[in-house]
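Work through the following exercises with the sequence and the structure open beside you.

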Amino acid sequence: MLTSCLHTEHAISASIQIMEAFVEMTHYLLQSRQLLPYRELHLLSNRQDAIEADVRALKSSMVTKDDLSDFIKLFDDSMSTEEILILDGQPFKANLAYQNIFKKAKKSIIVVDDYIGIKTLYHLTKAKRDVKITIISDNKNKTLLLHEYTDFMTEYPNMSIDFIKSANKVHDRYIVLDNGTSNMTVYHCGGSSKDSGKRITTIAQIGDITEYESMINTLLGNATLILK
């Protein structure tokens, strides 16, 4: 460099400055070449860390299928089938109550209700496969239409439901399980299952069912209900 030719303080100082400038230029070129990719990688890394943190937080707070199953089981076990109070705005509890009752039937289910609907039918899908289902109703206000029932049966072709008129003889609503057997059970329902959860109502199991068996058998002798 300059010091090899000029052995003066000025030459030595200039040589040092040139070397420092060269080093700085080298660093600048290296930084310029790697700066953009490094920033991108750094940003991506930060975003990935943030996403992973969000996923961990979401996973820790989310309800899994197993958790929901356990919750339903606890809710189910705590629900007495002797008397169930259903408040307005509790459709989940209402649906579960009717479905749990229908699941208990071993031979037959009879629903006595003048105001039936498609929701009534969906509750009955929880019954065991070979259980005979009968609905005794005048279908007042035509709350269940023929095309709705036809669509329902298309979706559930293995179900069989008999419809019988109540002949304007029944005011209250009932569910009868295993009629005529030693396991016969009768429930009095304050409201129609099609409206379950909309209004405050109670489903109560009746203790002495001696007179109910003859009443049900009389209703079963009524004419067939034709949906329109």
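Rings of Phe, Tyr and Trp, the last with its six-membered ring, count as a pair if their centres lie within 6.5 Å, and the pair is called stacked if the planes are under 30 degrees apart, edge-to-face if they are over 60, and tilted for the rest. Please keep in mind throughout that this is a predicted model.

**Exercise 1. Aromatic rings**

Task: Find which residues are linked into a cluster by ring pairs, and classify the pair of Tyr122 and Phe152 and the pair of Phe152 and Tyr156.

Solution, step by step:

- The structure holds 5 aromatic pairs, and one of them is formed by Tyr122 and Phe152, with 5.2 Å centre to centre and 85° between the planes. Because an angle over 60 degrees counts as edge-to-face, the pair of Tyr122 and Phe152 is edge-to-face.
- Taken together, the ring pairs link Tyr122, Phe152 and Tyr156 into a cluster.

**Exercise 2. Buried or exposed?**

Task: For the three rings of the cluster, Tyr122, Phe152 and Tyr156, decide from the relative accessible area whether each residue is buried, partly exposed or exposed.

Solution, step by step:

- The cut-offs needed are under 20% for buried and over 50% for exposed, with partly exposed in between.
- Phe152 has a relative accessibility of 1%, and therefore counts as buried.
- Tyr122 has a relative accessible area of 32%, so this residue is partly exposed.
- Tyr156, at 26% relative accessibility, also counts as partly exposed.

**Exercise 3. Positive phi angles**

Task: Describe the setting of Asn141 and of Ala167, and state what value phi takes in Asn141 and in Ala167.

Solution, step by step:

- Asn141 is a residue other than glycine, and its phi has a positive value near 65°. The residue lies in the loop between strand E3 (132-136) and H6, and with a relative accessible area of 68% Asn141 is exposed.
- Ala167, likewise a residue other than glycine, has a positive phi near 55°. Its place is in the loop between strand E4 (161-164) and strand E5 (173-177), where Ala167 is partly exposed, with a relative accessible area of 39%.

**Exercise 4. The sheet**

Task: What is the order of the strands in the open sheet, and which are its edge strands?

Solution, step by step:

- The open sheet has 7 strands in the order E1-E7-E6-E5-E2-E3-E4, and the pairing is mixed.
- The edge strands are strand E1 (83-86) and E4, each of which pairs on one side only.
- From one strand to the next, the twist averages 15°.
- For a closer look at one pairing, take E2 and E3, which run parallel and are joined by 5 bridges; the bridge partner of Ile110 in E3 is Thr134.

**Exercise 5. Cavity and pockets**

Solution, step by step:

- The structure holds 1 cavity of 30 Å³ or more, and the volume of the largest cavity is about 50 Å³.
- Its lining includes Tyr98, Phe102, Val111 and Tyr174. Helix H4 (91-103), strand E2 (108-112) and E5 are the elements that give two or more residues to this lining, and E5 contributes the largest share, 3 residues.
- By class, the cavity lining has 7 nonpolar, 2 polar and 2 charged residues.
- The largest pocket has a volume of about 210 Å³. Among the 13 residues that line this pocket, Gly190, Gly191, Ser192, Asp195 and Arg199 are the closest to its centre, and the lining divides into 3 nonpolar, 5 polar and 5 charged residues.
- The second largest pocket holds about 180 Å³ of space. Residues that line this pocket include Leu124, Lys128, Tyr156 and Met159, and its lining divides into 7 nonpolar, 3 polar and 2 charged residues.

Technical notes: Residues are numbered from 1 along each chain as its sequence is written. This is a predicted model: local features need pLDDT of at least 70, side-chain atom pairs count only at pLDDT 80 or more; totals for chains, interfaces and linings use all residues. Side-chain values use heavy atoms; hydrogens and water are left out. On a 1 Å grid over the protein atoms alone, a cavity is a set of points where a 1.4 Å probe fits but cannot get out, and a pocket is an open set with protein on both sides within 12 Å along at least five of seven lines; lining residues have an atom within 4 Å of a point. Grid points are joined across faces, edges and corners, and a volume is the space filled by probe spheres set on the points. Ala, Val, Leu, Ile, Met, Phe, Trp, Tyr, Cys and Pro count as nonpolar, Asp, Glu, Lys and Arg as charged, and the others, Gly among them, as polar. Buried means under 20% relative accessible area, exposed over 50%, partly exposed in between (1.4 Å probe, protein chains only). Helices (H or I, at least four residues) and strands (E, at least two) are DSSP runs, numbered from the N terminus. Two strands pair if DSSP finds at least two bridges between them. Axes are lines fitted to C-alpha atoms, for helices over the stretch in contact, and angles run from 0 to 180 degrees between N-to-C directions.
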